[in-house]
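Please have the model open as you read.

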Amino acid sequence: MSVSCGVECVLLLGCSRWAWKRCTYIGSDDSDTWPLATADEFEPVPRISRLILAVYEVNLRNPQFGPSGGYRLNPDWVVKRVTYEQTLGHAPPYLIYTDHDHREIVLAIRGLNLVKESDYKLLLDNRLGMQMFDGGYVHHGLLKSAIWLLNEESETLKSLWVDNGSEYRMVFAGHSLGSGVASLLSIIVVNHGDRLGGIPRSKIRCYALAPARCMSLNLAVKYADVVHSVVLQDDFLPRTATPLEDIFKSLFCLPCLLFLVCLRDTFIPEGRKLRDPRRLYAPGRIYHIVERRFCRCGRYPPEVRTAIPVDGRFEHIVLSCNATSDHGIIWIEREAEKALERMRESSSETVMVPPSTQRFERLQTIEKEHKDALERAVSLNIPHAVNTPEDEAPENEVLRPSKSEGDDAPNTKSQSSGGRVNWDEVVEQLFKRNESGDLLLKRDPDVPT
């Protein structure tokens, strides 16, 4: 009798401890030890957020859903707007904008449309470990969408970059579903820069707002100098490793699903998560906007913390009533703008004295953080992790076809005589054309064998 009472007490204490830790865990705990971001590096985020919001507008000259202060863009600089009717379900709607003020060419992609079947098809087109790319795993449907987008707009982007003296930065941006497409599109362009006129890696940027977990950990760290993810406080999407298709299948019971995922992940050891090469993560460097504190009501002046985390990379779902509202692009734009204004005000207070961190020193710090993150990934035995991005020559890596269980086909490589990747050969290896001339992935069930 006494033994059973003792066991019950231990179980009760254990469950109480788990419940206390889970219920008191807040979004700011994920970035508690991260350094604060600077105004210079965070400056593009509110501006890019407004460009993504502009994709939702029908007429930018007479906007109906403009944020506070308006979109602050020049409608004459909009090069192209593409709707669902034009993408035919291959990608979400997007906008191409040439920002001459900031010397950028921006491709902005909207987020998930809850009433569009084609968006759900992109999410459902995936299976754990289904698609490899550059030594890691990526979301299959989002990669297909990114490839389609590059094939459609490569000539437009190339001509814009060349016409502007090959000096503008190429920026890919997206929210939610669009963030996954933009992230994978950016790493494809890094590996196949010749598609856009030979644009170097240093001039490619991606801003993934409320990012979907779309690539394995080694890729998320490897491309942290290119991809910048922005997460608002408790946002659920960057935190759950549950496949996106499972989340949206259970859309009408999302709180229940998040609770069950939270319960399940509590009992998975951290080492097991890190050793799983198929586990997907939020991409790149992460900027975490924090505006709420534990046991305090209301929103506080937001601050932005940044890092390239390896272990503990947004692995815990926050049981919060804001877990879904923090995913909204409107809130992200609003809080990012507030955070940027606060950074500028704090820096202007000391305008008479040199800043504690010079701009060049901060650039060196960012490079060192990336190098340290790569070394950390190697020390933790992350599958396929490399010490530096140059350890795996980009020109020798191509998109690998999907591999199902029992498929022992070797990974293919495609090079031209000059050592550069031949994109046409890559497409031929991955796709087949149907009778109407459309490209279909070789492992799609619709492709005849």
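## Strand 2 and its cover

Strand 2 is covered on both faces: Tyr94, Ile96 and Thr98 are buried on one side, and Leu95, Tyr97 and Asp99 are buried on the other. Buried means under 20% relative accessible area, exposed means over 50%, and partly exposed lies in between (1.4 Å probe, protein chains only). Strands (E, at least two residues) and helices (H or I, at least four) are DSSP runs, numbered from the N terminus.

This is a predicted model: local features need pLDDT of at least 70, side-chain atom pairs count only at pLDDT 80 or more, and totals for chains, interfaces and linings use all residues. Residues are numbered from 1 along each chain as its sequence is written, and side-chain values use heavy atoms, with hydrogens and water left out.

## Strand pairing

Strands pair if DSSP finds at least two bridges between them. Strand 1 (residues 78–82) runs antiparallel to strand 2, with 4 bridges joining them. Val78 has Tyr97 of strand 2 as its bridge partner.

Strand 2 also runs antiparallel to strand 3 (residues 104–109), joined by 6 bridges. Here Ile96 stands opposite Leu107.

Strand 3 and strand 6 run parallel, joined by 6 bridges. Ile109 has Gly174 of strand 6 as its bridge partner. Strand 6 covers residues 169–175; 6 of its 7 residues are buried, so the rest of the structure largely encloses it.

Strand 6 also pairs with strand 7 (residues 204–209) in the parallel sense, over 6 bridges. Met170 stands opposite Ile204 of strand 7. Strand 6, helix 7 (residues 177–191) and strand 7 make a right-handed β-α-β unit. Right-handed means that, with the strands pointing away from the viewer, the path from the first strand over the helix to the second runs clockwise.

## Helix 3

Helix 3 (residues 44–54) is mostly covered, with 11 of its 11 residues buried. Among them are Arg47, Ser49 and Arg50. Pro44 and Pro46 are buried too.

## Cysteines

How many disulfides does a search of the whole structure find? The search finds 0. A disulfide is a pair of cysteine sulfur atoms within 2.5 Å. Cys206 is in none; the nearest cysteine sulfur, that of Cys214, is 8.4 Å away.

Is Cys206 buried or exposed? Cys206 counts as buried because its relative accessibility is 0%. Cys321 is exposed, with a relative accessible area of 71%.
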